[in-house]
Amino acid sequence: MQEILSCRNVMVDFSGFKALQGVNLDVKKGEILFLIGPNGAGKTTLLDVICKKTKLTAGTVLFDGKISLEKLPEYKIVHEGVVRKFQAPSIFIHLTPFENLEIAMKQKKGLFSILLAKMSRLEKEKIDSLLNKIGLFDVRNETASSLSHGQKQWLEIGMQLIQEPKLLLLDEPIAGMSGLERTKTGELMQEISQICTVLVVEHDMDFVRKYSTRVIVMHEGKVLSEGTMQEIQENEEVKNVYLGRSG
Amino acid sequence: MIKKYRQGAYYGIFFLFLSVAPFFLTDFRAGLLAKFLCYGIIAVGISLLWGYTGILSLGHGVFFGLGAYCMAMYLKLEASPSGIPDFMEWNGITELPFIWTMFKNPVFAIAAAVLVPSLIAAFIGYVTFKNRIKGVFFSIISQAVVVVTVTLFIGAQQITGGTSGLTNFFTVFQVPLTDSGTKTILYYVTVFTLFLIMALSFGLTKTRFGKILIAIRDGENRLRFLGYNPTGYKVFIYALSAAFAGLAGVLFVLQVGIISPEMMGIIPSVEMVLWAAIGGRFSILGAAAGAILTNSAKSYLSESYPEFWTIFLGALFLVVVLYLPNGLAGLVEKVKLRFAKKEKKEEVKHAGDSLVS
Ligand SMILES: Nc1ncnc2c1ncn2[C@@H]1O[C@H](COP(=O)(O)OP(=O)(O)OP(=O)(O)O)[C@@H](O)[C@H]1O
Ligand SMILES: [Mg+2]
């Protein structure tokens with residue numbers, strides 16, 4: 001399988017504290033790759049580096065074999081098809097779900113294109129069908145601040161989907177969700193992986209077991225081990241630093 | 001749907017009121033109202049910039065002033081038969097400075113009144129927004145621009161007229177400015193301009209662009225991770241609101257007959273923000289109405305109790321900040337909601353009645 005993303009020797013130094021100490025990691029096209037590891041291992045930091053929320057101190061992040069993401073500003077990384085979902089819901093609460101999707105939608109996002117933009121039938125159908133898929137069609141015209149926590153999470157996933165990403169970065173997508181909401185999110189994620197590659201940070205081992213195609217364990221700013229969930233579970237080192245503690 | 005009609009109705013009432021007001025007001029009051037309408041145009045720009053986009057400029061006095069000066073230069077030249085403004089002659093200047101020569105052309109003067117403020121805003125905006133300077137830091141920079149500009153205008157007394165500014169105009173396009181006919185025409189031109197500005201702004205807020213503005217206000221960084229570069233958007237809206245202020249300056253000078261550095265200083269700049277805050281910065285109509293109401297109160301109070309005005313303005317601002325974050329427009333909305341709830345309760349009661357009977 002072909003790599004969609006390759007991190008080579010990625011280092012991040014927070015004024016003396018080395019959060020990432022030379023991470024080497026490949027994401028293969030079409031997989032659902034889970035990133036696990038104890039608190040403070042640097043999982044979020046790695047996602048931050050990929051989407052340029054955090055600047056790396058050394059190393060490269062190569063996307064699609066040719067684009068060095070670390071050289072692009074945030075919004076251009078998005079244009080390349082790398083889309084990030086943050087841990088905290090980051091929808092726009094004064095807009096409706098429909099409007100949130102409208103601005104997130106894949107389109108030309110420069111000032112003049114947006115000034116001249118008019119909602120086409122096709123766009124409206126696209127938004128409506130996604131609203132149906134994430135179960136928000138009935139509340140599409142309410143302000144987003146009135147949505148439940150789970151609904152906000154789905155709206156956000158919807159906002160990533162409608163950008164038609166090539167690589168989706170999710171940070172603890174099911175944190176704070178009820179059992180039913182978790183299952184729904186997992187299914188949504190599997191559906192997404194039909195059209196794009198997914199890199200997920202998650203602590204919930206049942207969730208990882210159920211939906212991962214491959215798992216990478218991080219510890220103290222480095223990749224500790226990788227393989228299928230089963231291989232990972234049998235790895236002594238991993239048991240010691242992580243699984244032994246959290247189950 | 002109903003909400004749409006109601007919005008339309010508010011706008012209708014507002015402009016109906018403005019159209020008939022001159023028939024019921026003395027010339028003096030009508031003149032004041034005309035001035036307040038100019039302020040309304042500025043407040044609309046501030047609503048777009050601050051209310052919708054979350055950028056607080058404390059320096060719009062400069063844009064207003066630059067627009068006013070551009071127009072004033074043309075008027076001054078028209079009022080100087082020798083071709084050289086009186087204050088220059090007193091300074092012994094015998095040849096018109098180059099900058100001034102261009103303002104003989106009224107089209108140039110009006111175009112400059114709109115373009116100069118928006119280009120300056122675009123420049124300041126680009127430099128600050130590109131470097132991700134925002135919030136209080138931007139507000140402070142916008143104030144610094146005021147201080148610099150006012151100082152420059154006072155210092156360059158030979159071409160700007162110094163602290164006394166530019167005044168003593170007689171005609172515009174050869175028509176006497178003090179004629180009541182001219183005044184009436186200018187008043188309606190101002191009403192119409194305000195209408196166009198409000199319609200344009202209201203329209204903008206309803207487009208996809210308007211939603212981006214709100215998104216910038218609510219989470220500029222999040223918007224970056226949706227693939228937008230907010231810089232261009234912020235520069236555009238800042239420049240647009242500066243252009244509005246410049247246009248307001250043109251209409252102001254035509255009707256008030258004077259512009260001086262003091263009128264574009266820190267205090268007026270802060271007052272402009274207060275108008276929008278008091279009327280309701282999240283509402284185009286609220287901001288415009290806020291400018292008119294606040295200034296009406298100001299002229300009433302400062303005529304009757306001159307020492308009270310500043311205290312009153314301060315108190316009003318406190319009340320708005322503490323209890324009415326959405327300004328008077330928010331108050332109207334609140335009252336309406338309360339009534340709507342009452343109505344609903346009644347309806348439910350009636351429904352209950354009919355079930356029983
Ligand atoms: N901006 C920052 N400045 C300084 N230190 C930081 C910063 N961001 C993260 N860190 C530190 O870097 C380390 C890695 O943090 P990171 O958030 O990547 O961990 P994580 O693997 O996502 O943990 P968790 O499972 O708790 O989310 C932590 O020790 C954290 O305190
Ligand atoms: Mg984390």
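Domain bounds here come from an automatic or database domain assignment. This is a predicted model, in which local features need pLDDT of at least 70, side-chain atom pairs count only at pLDDT 80 or more, and totals for chains, interfaces and linings use all residues. Residues are numbered from 1 along each chain as its sequence is written, chains are lettered from A and ligands numbered from 1 in the order in which they are written, and side-chain values use heavy atoms, with hydrogens and water left out.

**Exercise 1.** Find the domains of chain B and the separation of their centres.

*Solution.* Start with the bounds: domain 1 of chain B covers 29–293 and domain 2 covers 329–357. Next, take the centres over C-alpha atoms; they are 44 Å apart.

**Exercise 2.** List polar contacts of ligand 1 (pairs of N or O atoms within 3.5 Å), then state how much of the ligand the protein buries.

*Solution.* Begin with the backbone: a polar atom of A:G42 is 2.9 Å from a ligand oxygen. Turn to side chains: A:K43 places a polar atom 2.8 Å from an oxygen of ligand 1, and for A:T45 the distance is 2.5 Å. Finally, the area: ligand 1 alone exposes 630 Å², of which the protein buries 61% (Shrake-Rupley method, 1.4 Å probe).

Definitions and conventions. A polar contact is a pair of N or O atoms within 3.5 Å; within protein, one must be able to donate a hydrogen and the other to accept it, and residues adjacent in sequence count only if both atoms are side-chain atoms.
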